[in-house]
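Please look over the sequence and the model shown here before reading on. The paragraphs below are meant to be read with both in view.

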Amino acid sequence: MNGSIFMLAKIYVFGMTGSASVELIQYNLDKVNGIQNVKISLDSELLKIKFDEKKTNVKAIISVIFDLGFEVEIKECSQRFLFEISGLSCSTNLETIKKELLLIEGINQVQFDINKHQLTILTSKESSLFEAEESLKKRGYLIFTLPDENEVKKKKRSLIFFLISSFFALAGLVFSATDKFLLYPYSTFLIIEDHFIFKNFQLTVLLILTILWFVRVMDRYFFSKNSRTFFTDIFTIVVYMMAFFIVYSNQDMNNRSTFYFSISILCLILLWISDYLDSVNSFQISKKLQQAKGLTSKYKTIIEKNNEIEIPNNDVKKGDLVLVNPHEIFQYDGFIVEGNSFVNESSLTGSSLLVEKVIGEKVKGLTRNENQRLIYSPNEVGAKISLDQNNFAEQLGKKVSKKSTLPILLFIFIIANLFFLYLSKNLFYLGLLVYIVIFCFIKFFDSLAQFLTTKTGLTKGVLLKNFYKMNSINKVGNIFFDKTGTLTNGIQEIKEVVGTKNSEEDFILMIAASALRETNYPFTEVVIRNSKKKNIDTISIDSIECKNNSGLSVYIDGINFKVGTENFFRSSNLNRFVEKKNRQRKKNNVYISKDNTLIGLIEFYDSLRKESVPTLKKLKSMGSSLTILTGDTMFNTNQFFPTRAGLCETICELSDFEKAEIIKTKNLDGNNSLMVGDGYNDIMALNVADLGIALGSSEKSVLMNADVIFVNDNLEDIFTILEMINKLKISKIFSRFLLFLLIILILFLYF
């Protein structure tokens with residue numbers, strides 16, 4: 001989570017006997033890199049320390065003190081976070097909001113800056129920030145991490161380079177057009193073999209622009225750490241050298257030299273404009289992507305020496321005891337050490353069913369804990385998580401690799417210019433100039449189209465991350481969807497309440513809602529919500545006989561009722577009946593018994609998004625081939641409405657590699673493909689498809705691998721994508737037509 005400036009920690013140190021102990025601790029802590037201030041009170045046995053979280057952490061500080069022979073206990077560890085906040089226009093309700101945020105456990109200080117639209121929070125628990133985010137959302141405010149400092153710096157540097165280069169280019173055009181080379185006496189500064197190489201101002205300007213571009217390229221690679229435009233930058237340097245060569249070779253012919261120089265300068269200005277538009281576009285995407293990802297935790301809480309310690313995610317080691325609260329992600333594969341809970345594995349398996357986990361059972365990395373606090377121990381950290389199967393990068397590279405047309409175009413250009421050189425030097429120079437015009441004009445129009453398309457998309461809730469993949473699409477024929485969390489809400493709803501002959505459905509729902517009222521099972525909220533919807537009043541319970549993570553046993557009016565999942569009934573004489581029902585329905589149902597007699601069950605399902613069916617119907621009417629790729633079971637998939645309605649083909653029980661293979665096979669028909677997904681098991685499919693689309697609620701890794709993000713989580717935004725693809729095709733034809741007219745004009749002026 002960005003915005004952290006420093007951390008403050010208060011630690012009890014037991015066993016200090018005098019000033020010598022204080023000096024010993026002070027001396028050893030002063031040697032730790034990143035510690036800014038240390039205060040030790042011998043009377044209260046309290047250590048107050050301020051440190052830079054990027055250089056050290058609480059775990060390292062405790063280890064230093066512990067190794068000196070002292071016992072330690074963490075009292076408090078606070079951190080300052082700085083956020084951007086939207087919707088903050090006046091100070092009317094700020095005091096009320098501030099008091100509300102200060103009531104959240106862990107938050108010690110809150111400050112608003114209306115002018116800068118910033119919020120500062122000092123907290124001892126990073127998890128409190130997510131509670132603050134939810135509290136502010138209810139009031140209509142949104143908080144985001146501040147824009148990446150590197151992106152801000154890149155944008156500023158690009159603007160500086162653009163302004164400097166534009167100044168020299170325009171100065172060169174003015175002086176060249178008026179034949180007043182005012183800087184001529186100062187341009188003859190390079191001497192080789194007693195000959196002045198620069199005999200006019202034009203060459204000086206071209207040399208300055210070439211040096212500026214070379215510096216810009218070095219800045220991009222060594223300071224901005226951006227190597228994605230390597231070949232473009234190489235060809236751009238070649239273009240500068242060609243412009244210099246043409247003007248230098250024709251310097252004795254004033255009119256011809258001025259013609260070459262003027263056209264070259266205009267083209268090079270387009271390159272600098274393109275560079276600046278690219279940096280602005282990159283900044284917009286980076287900022288919106290951070291907003292789409294929301295607040296993400298960069299810390300994990302581990303249990304060490306009976307203390308809960310927050311350490312950076314990357315510092316977690318194999319064998320650590322890691323605390324995972326409800327709705328948090330298991331970062332690595334491991335096994336449960338303490339606690340029982342339900343785990344959501346839909347991001348890996350595609351199944352919406354929650355899986356119960358107890359002590360000793362394995363958990364998979366990238367799955368989500370649902371309702372109870374768990375402590376687990378990672379098997380291995382770093383490389384081996386559930387998503388990273390063998391040779392992932394290598395196999396993915398083979399699937400998405402495409403042949404580049406750049407070598408072919410370069411070969412044609414070299415052959416054509418050699419032919420021109422054979423005919424005439426003037427034709428050869430003209431050929432080089434035409435190449436410069438083509439290269440600069442196409443680069444400018446692509447950058448302009450990318451800038452305008454991205455800006456238009458952002459206004460409609462569509463974040464375009466990879467313009468060039470979208471721009472290369474000709475005809476969309478195949479559209480693939482993930483099921484769970486993409487076409488569905490990914491949230492369990494009640495599908496059916498089933499009672500025995502002597503039990504009414506409303507009675508079953510009333511007993512379940514009454515028993516579950518004081519619990520926090522994953523199915524509690526939906527049961528209570530449905531009972532209220534049907535105006536079914538809950539009744540008070542006499543007592544709770546037993547309760548665990550799978551269910552509970554209660555007494556109501558002296559009658560024993562049990563409510564729970566299959567695991568809860570395993571030890572009872574109802575086990576065989578429950579297992580039979582579960583096999584028949586293949587669902588993670590909730591069962592209800594009365595005095596050890598099964599009286600009913602509640603079946604859950606993953607509800608469709610309201611826009612899913614209308615979107616599929618409209619796409620089908622447009623002639624698109626629709627396919628659902630899911631890891632869910634065949635039973636659940638056959639109950640899925642779009643499958644039953646014949647809206648699309650559905651292929652189930654797929655791994656992430658199998659999804660990618662199917663897309664790769666269907667792409668052989670010559671049509672381009674779109675893939676829409678939200679889970680980790682969709683990442684390979686998103687990369688293999690011609691355009692990978694992720695929902696805004698997806699996890700960070702999915703967002704980073706997508707080409708397009710639906711920020712508002714609305715599937716209907718796919719029509720915005722199709723519209724943008726069509727407009728890009730039209731603009732590409734229009735720009736090529738303008739380029740053709742421009743070349744005709746240049747040839748006319750030349751001859």
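What follows goes from the chain as a whole to some of its helices and single residues.

This is a predicted model, in which local features need pLDDT of at least 70 and side-chain atom pairs count only at pLDDT 80 or more, while totals for chains, interfaces and linings use all residues. Residues are numbered from 1 along each chain as its sequence is written, and side-chain values use heavy atoms, with hydrogens and water left out.

The chain holds 25 helices and 31 strands, where helices (H or I, at least four residues) and strands (E, at least two) are DSSP runs numbered from the N terminus. Of its 751 residues, 50% count as buried; buried means under 20% relative accessible area, exposed means over 50%, and partly exposed lies in between, with a 1.4 Å probe and protein chains only. Among the contacts in the chain with a separation of 6 or more, 68% are between residues 24 or more positions apart, a contact being heavy atoms within 4.5 Å. The chain exposes about 37000 Å², of which carbon and sulfur atoms supply 56%; such areas come from the Shrake-Rupley method with a 1.4 Å probe, and for residues only the protein chains shown count as cover.

The UniProt record, an unreviewed entry, places the feature "transmembrane region" at several spans, including residues 259–277, 405–422 and 428–445; its positions are given in the numbering used here, feature names are shortened, and annotations may be inferred rather than shown by experiment. In the model, residues 259–277 are 100% helix and 0% strand, with end C-alpha atoms 28 Å apart, and residues 428–445 are likewise 100% helix and 0% strand, with end C-alpha atoms 26 Å apart. L418 lies in helix α12, residues 406–423, and together with F411, I412, I414, I415 and L421 L418 makes a nonpolar surface patch of about 570 Å². Patches are made of residues with over 30% relative accessible area and no salt bridge, like charges being joined within 9 Å and nonpolar side chains (Val, Leu, Ile, Met, Phe, Trp, Tyr) within 5 Å; a salt bridge is a side-chain nitrogen of Lys or Arg within 4 Å of a carboxyl oxygen of Asp or Glu.

Why can helix α16 be called largely enclosed by the rest of the structure? Nine of the twelve residues of α16 are buried, so α16 is largely enclosed, and the buried residues include I508, L509 and M510. They pack against several elements, among them β21 (488–499), α17 (524–533) and β26 (597–608).

Helix α17 has T524, V526, V527, I528, N530 and S531 as its buried residues, and these pack against β21, α16 and β26. R529, also placed in α17, counts as partly exposed because its relative accessibility is 37%. The C-alpha atoms of R529 and A513 are separated by 8.8 Å, although the two are 16 residues apart along the chain. Just after α17, N535 takes a positive phi of about 60°.

Two further residues can be set beside these. T120 lies in strand β6, residues 118–123, and counts as buried because its relative accessibility is 12%; leaving aside neighbours within four places in sequence, T120 is in contact with R80, F81, L82, Q109, V110 and Q111. K620, in helix α19, residues 612–621, counts as partly exposed at 42% relative accessibility.
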